[in-house]
Amino acid sequence: MSRAANHHRFEELRLEHPVFTYESYTVTIDENMIAIDFHFSMGSNHNFFPGLKIPKKGFFRPENLSVAALDVIAFNIGMIELVSYWKAACAPNVVIMPCRLNEAQIQWWKNVYYQGLGEFFYLNTISCSPHDFMKMTADSGKSLDRSIAALSDAVIVPVGGGKDSVVTLKLLSLAGLKVIPFILNPAAATLNTIEAAGYNRNDIVEMQRRIDPHLIELNSRGFLNGHTPFSAMLAFNCLLAASLCGCRNIALSNEASANESTIPGTTINHQYSKSYGFERDFRSYYKANINSSFNYFSFLRPLHELEIARIFSGFPEFFEVFRSCNAGSKTGIWCGNCPKCLFAAIILAPWLGRETIIKIFGKDILDDTNLKHHFDDLCGINPEKPFECVGTLEEVNVAMAMIVNQWNKPLPALAAYYASTDNFRLYENSEGKMITEFPNENNFLEPLFLNILLKATE
């Protein structure tokens, strides 16, 4: 379907499917597993039953399994899950049956949906406003109260298998803190990463997220599809992980560059739910509505990607196991052909050198002229950044200028091309910039964590 046809399809589907309902959720606990199951419907013909399973392991403490605490978190996980199913037809009316929400809560959720679907609306050429894209009602269910718990100072660290979560995991572990890795849908890269960090599978919180296959079927039939705010869903799952472990702290690995819009001059941001704005709003929401005891923050928020890459370069035990490639995530490889692979190579190259980059990616990726379009997107030579979790235009240009200035000649093809551009002339004297400074004071790091980060940047 062409982008131009998608808005017409959007209007058509909204007429055909005017109501989307969050029907119910259930929490089941037995000696081996905690299971959370959801039921969403879109009229009488389309029902969805996604869910989560969490195996019980050594980190579970029975006193943390409060039914009331699990109940409120489970309901809210359902609230963020539903957006993936709602977007198939973008029903104008959303009805929340299990629990009541007040007007402030409804507005909070609508903002998360609208901002988190910015890329979805843009790529599908859907025109709608924060006010008219949906009407939500939630006045017929039970009321849920927030809880307060006595939690330990241990730290939950979500691990995705990339360099950022490696840096958070290692720095906090080296500082002597009790760290519990958390993995959603474990894959080879994430399991290999925690093993390289010295953890075994019984040391981690592991969740299996189930997507209802009927959604995939609808996508194949021409219903709408696109990016949803995955990291917002991860945030709510982190609250569940912390609750089960009795941990107060949840340390994400989102950096300063996640705040940059993907489309210049707009608020459309592929990384919206990794941004400082989402982090701020999420902290306010869970403190008011779920549990005020948690401390959700991004440990790397003050840093640029270049500084994170420099720190990562000091952990060679992860070079062979870390992965940031979405295309190769299922098989645990670097595909070597996508913007994510190219960005990872560019940001690491000033610190690791050409030979190590070739060894990590299995090719001389900066010599691959087939990647020139992605390269131009990343550098800002083209007008739009890739819709991927990549760094800012400035970070990429500073890294490329460092490569051109530092590497032996002849340069790989993309670096030689970069040396001929106006971008290089603008950034050729920028070496050292964005490396030793803390560029972003908008963060929620308490002094303990800020001091650990400061020490790592000395």
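The paragraphs below take up salt bridges, then strands, then a helix and a loop residue.

The structure is a predicted model, in which local features need pLDDT of at least 70 and side-chain atom pairs count only at pLDDT 80 or more, while totals for chains, interfaces and linings use all residues. Residues are numbered from 1 along each chain as its sequence is written, and side-chain values use heavy atoms, with hydrogens and water left out.

**Salt bridges**

A salt bridge is taken as a side-chain nitrogen of Lys or Arg within 4 Å of a carboxyl oxygen of Asp or Glu, and a search of the whole structure finds 19 of them.

| Pair | Closest N to O distance |
|---|---|
| Glu-305 and Lys-163 | 2.6 Å |
| Arg-248 and Glu-446 | 2.5 Å |

Glu-305 in helix 10 and Lys-163 in helix 5 are 142 residues apart. Helices (H or I, at least four residues) and strands (E, at least two) are DSSP runs, numbered from the N terminus. A residue is called buried under 20% relative accessible area, exposed over 50%, and partly exposed in between (1.4 Å probe, protein chains only); Glu-305 is buried at 3%, and Lys-163 is buried at 7%.

Arg-248 is partly exposed at 23%, as is Glu-446 at 27%. Arg-425 and Asp-422 lie 3 residues apart in helix 15, and are therefore separated by about one helical turn; Arg-425 is partly exposed at 45%, whereas Asp-422 is exposed at 56%. Lys-57, Arg-201 and Glu-206 are linked in a network of salt bridges.

**Strand 9**

Two strands count as paired if DSSP finds at least two bridges between them. Strand 9 (residues 205–210) pairs with strand 4 (residues 51–55) in the antiparallel sense over 3 bridges, with Gly-51 opposite Arg-210. Strand 8 (residues 179–184) runs parallel to strand 9 and is joined to it by 3 bridges, and Glu-206 is the bridge partner of Ile-183.

The buried residues of helix 3 include Trp-108, Trp-109 and Tyr-113, and what covers its buried residues includes helix 2, helix 8 and helix 9.

Asn-291 is found in the loop between helix 9 and strand 11, and is buried at 5% relative accessibility. Leaving aside neighbours within four places in sequence, Asn-291 is in contact (heavy atoms within 4.5 Å) with residues including Arg-146, Ile-148 and Tyr-286.
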